[in-house]
Number of protein chains: 2
Amino acid sequence: MNQALVLLKERLAMMTDLNLTSSILNWDQTTMMPDGGSDSRGRQMATLAKLSHSLLVSEETGELIRQITPWAQTQPQENMDAAFVHEAARLRNLEVNVPSSLNSEMTEHYSRMYTAWTIARPNDDFAALKPLLVKSVELSKKFSDCFKNMDHPMDALIQYADFGVTVKSAKQLFSELRSQLVPLVKRVTSANQIDSSCLQGDFDETAQLEFCKTVARQLGYDFNRGRLDLSAHPFMTRLSGNDVRITTRAIRTDLTDCLFSVIHEVGHALYEFGINPVLDGNILAGGVSSGVHESQSRLWENHVGRGKPFWDYFYPILQKNFPHFEKFSQSHFIRAINKVDPGFIRVDADELTYNLHVMIRFDLECQLLEGTLSVRDLPDAWNARYKSDLGISVPNMKNGCLQDVHWFGGRLGGAFQGYTIGNILSAQLYDTAHHILPNMEQDFVIGDFSKLKAWLNTNIHQWGASISPDRLIKLSTHQDLSIHPYMTYLSEKYSSLYNL
Amino acid sequence: MNQALVLLKERLAMMTDLNLTSSILNWDQTTMMPDGGSDSRGRQMATLAKLSHSLLVSEETGELIRQITPWAQTQPQENMDAAFVHEAARLRNLEVNVPSSLNSEMTEHYSRMYTAWTIARPNDDFAALKPLLVKSVELSKKFSDCFKNMDHPMDALIQYADFGVTVKSAKQLFSELRSQLVPLVKRVTSANQIDSSCLQGDFDETAQLEFCKTVARQLGYDFNRGRLDLSAHPFMTRLSGNDVRITTRAIRTDLTDCLFSVIHEVGHALYEFGINPVLDGNILAGGVSSGVHESQSRLWENHVGRGKPFWDYFYPILQKNFPHFEKFSQSHFIRAINKVDPGFIRVDADELTYNLHVMIRFDLECQLLEGTLSVRDLPDAWNARYKSDLGISVPNMKNGCLQDVHWFGGRLGGAFQGYTIGNILSAQLYDTAHHILPNMEQDFVIGDFSKLKAWLNTNIHQWGASISPDRLIKLSTHQDLSIHPYMTYLSEKYSSLYNL
């Protein structure tokens, strides 16, 4: 028994090393690599993916899992080795269920589609993408068919990012949220609008990065175990438990884009830094789901970074670094960074409307996979929902249903739910932490965020992927995932900001 | 037959991808990685090395090579596929001959020894390293014993870096060189010394890098296919045929360290850039030997970068970038950068004395492996040679026989000969190119180095490792490797500089 566990750990440690190596190659590609390197980099990453996949699906790995599973099933939930075995079985199951011919067909299709999208989107050319989208829907259905006992075709896709979530459970959560969110957005947008012009200026990019590094360091990001670089799209990447890097971008006219991207990525990074070091190099050493990961980034970005206590400490520093802000009061600035402004683009959305964008995509994906919506009717369905949920008329496809890379560079379905689950959970976690640490925001005022970080370390981070998302939420907040803390937070915050 | 070739290429392309991936990890480690990443990085690199090794030594690879070799043997030398098969067989042979238990023992020993060296060297503590060196000699002998039909125990080690070179051939070449070099060094050092104090100043590091980038670009280094970064020790690394990166370091008080490091690494990089793109991702896509690689770096560093035509173009630019040099004439500067100054440290040595350092190490390695020198007597033998060859008394061990990482971080033996072979070959190649392109130096004066680069592309670079070093030298210079062009170059250059 022990021997099988040791061997299984060895094999999957090699697989983990290959996956982390791919992450290094990807980080390099997006931050450092000269243009010339792209072709070979693609080939190198394909080789690593192939070897990693072979290690996981091999008969040897399957046999080791079969040998050790009866033992793992008798262990208490807290046993990390048992959790490792269960996770190994789950991951292998995801891979062996899908024939390699389908995998190749998908890879080839998504690569072609991504190239087509980069050309068609600027030209607003839905017609060019339509046959490719039809094929994507077909492939997602075929993919889904590889998994038995799924209630909904999208359930098979969701399990990759958010294990334990189903279309049914997400729909219930989301419809409840939407029913309260749409009226709140309407009330806010009919109120007097906030003037956010104070955010516009001319901000040296290097100075922006320096300020963001100060903020990151103060929140607990350890530059001896990470670094901050520029890339086209901000991201966080774990290269090991002691090498977790973040990136951002800097827009000269508005430093908040850079700043909130950094705080967001710091939230992701603190999660990875906080995972128990005994798991390093193991398949359990990583965030447990897309939703839980996003709860960490959004908690720091919105609950901390857009709040008054945070700015009580940082606004004088911001003003010192950027004299532009000397002529604006702190309260004026805080109102500006929390302005609600329903728009067409998800990634630019404010905190309040963001989830409406996500839920539109989630619902449309479901309908496409169910067959209750045809690709042909997608633009109309999209535009109708933007009208009903956000009260705006989508002017064109590129700012409409062609905007997200998710549908044009990978599997269609199952990639969006985590964004909204993360927002909901961020409030639930912040609420719990605040209840247990009633004075934590007083510490923020003096630049000390360590209590909140320590609470998250203990209750979320340390577990890595050793506890399922559902159980982790229950253990840390003593309740199931619920929209109530989130809606309470949003109502109170925006009622006050907009004097509703 | 064709099928076996295709399969062999596929397998070794995967191995090459793993090796290039290791290079990316190594580049990242030395330029970008935060301190925290080192432990996991070591483990990740070990995993990649293990998988690469398995692909090469596997029975499948052996069987494919056996199937295809009879065909390859009937092909003309120019056939790239046949060259690929021969190189695959040679590389596999190197690996399968060595039992994995010995490989592990060596890896473990060198890792321990390197750590011990970093502590013992600053303390001048030869005693602490002596037993470890004894073990290194033993391991090198054991390693050598794995190979049959070798005339000298070091031949087995040399073939890894400089295939085709033997102790016998190198000794013959080196003794001839030494017999002419030692008297020349004596004549130069008894002449009036050059005043190089003009090189001392205060040079902003960023400005140094900018100037070096200008030089690199002008020499033909393509920044769309590479980048220049800082690292503790300058190096070049090929990550693909279109991603060849170089590093340097910058010393505030003397910009020539940074500058000549960059020109040196550019020489290595131009070699890699120039390899025929059809070889990319193949085991033949790389420099053919340590000696030929070093010939490229030294050709650009010394024959071009320390010459008058180069500075006719660059000295005004240097003066504009660093007004410090306005008060010194170009000829004064050129004399300073070519000053001969026999010292203790190889890596700081001038062009003339550098080879004496190398040959001392080569001869002592040979004697250690032959058993004609014991580790106990190494310091005395070292010091005696520094007295006889360079005319200086070594003051301590740390600037003596403990100085080079080569003996304390890897296999003892076979790593030094390439440095001197490279110097010898650089002159032979430059001479040939100059003969064919008599006006090339007139182009240097106007900043055009393209003719020389094109000649090297055609005659050296494009072939990668598809032609053996010996044959490559013969094809490009129409003679075997010879010290005459090199000694003529050195005699003329230093006789003129020192008015001998």
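The structure is a predicted model, in which local features need pLDDT of at least 70, side-chain atom pairs count only at pLDDT 80 or more, and totals for chains, interfaces and linings use all residues. Residues are numbered from 1 along each chain as its sequence is written, while chains are lettered from A and ligands numbered from 1 in the order in which they are written.

The same surface serves both copies, since 97% of the contact residues of chain B recur in chain A.

At the interface, 32 residues of chain B are in contact with 31 residues of chain A. Contact here means that the C-beta atoms of two residues, placed from the backbone, lie within 7 Å. On the side of chain B that touches chain A, the elements giving two or more residues are helix H1 (2-31), helix H2 (38-57) and strand E2 (236-240) of chain B. Helices (H or I, at least four residues) and strands (E, at least two) are DSSP runs, numbered from the N terminus. H1(B) gives the most to this side, with eight residues. By class, the side of chain B that touches chain A holds twelve nonpolar, eleven polar and nine charged residues. Ala, Val, Leu, Ile, Met, Phe, Trp, Tyr, Cys and Pro count as nonpolar, Asp, Glu, Lys and Arg as charged, and the others, Gly among them, as polar.

Chain B contains an open sheet of three strands in the order E1-E3-E2, with mixed pairing. Strands pair if DSSP finds at least two bridges between them. The edge strands are strand E1 (228-230) and E2 of chain B, each of which pairs on one side only. From one strand to the next, the twist averages 30°. Axes are lines fitted to C-alpha atoms, for helices over the stretch in contact, and angles run from 0 to 180 degrees between N-to-C directions.

E1(B) is joined by three bridges to strand E3 (residues 243-248) of chain B, and the two run parallel. Leu230(B) stands opposite Thr248(B) in E3(B). E2(B) and E3(B) pair in the antiparallel sense over four bridges. They form a hairpin with two residues between them. Ser240(B) has Asp243(B) in E3(B) as its bridge partner. Five of the five residues of E2(B) are buried, so E2(B) is largely enclosed by the rest of the structure. A residue is buried if 20 or more other C-beta atoms lie within 10 Å of its own, exposed if 12 or fewer, and partly exposed in between, with C-beta atoms placed from the backbone.

H1(B) lies across E1, E2 and E3 of chain B and runs at about 135° to E2(B). Helix H10 (residues 255-273) of chain B packs on the sheet, touching E1, E2 and E3 of chain B, and its direction makes about 165° with that of E3(B).

Chain A also has an open sheet of three strands, in the order E1-E3-E2 and with mixed pairing. E1(A) and strand E3 (residues 243-248) of chain A pair in the parallel sense over three bridges. Leu228(A) has Ile246(A) in E3(A) as its bridge partner.

The largest nonpolar core has 245 residues, of which Val215(A), Val262(A), Val266(A), Val215(B), Val262(B) and Val266(B) touch the most other members. Such a core is a set of buried Ala, Val, Leu, Ile, Met, Phe, Trp, Tyr and Cys residues joined through C-beta atoms within 7 Å. Not counting residues up to four places away in sequence, Val262(B) touches Cys212(B), Val215(B), Ala216(B), Leu228(B), Ile246(B) and Thr248(B). Another core, of ten residues, lies apart from the largest one and includes Leu20(A), Leu25(B), Trp27(B) and Leu239(B).

Asp443(B) is found in helix H17 (residues 440-445) of chain B. Asp443(B) counts as partly exposed, with 16 C-beta neighbours inside 10 Å. Asp443(B) touches Asp448(B) and Lys451(B), not counting residues up to four places away in sequence.
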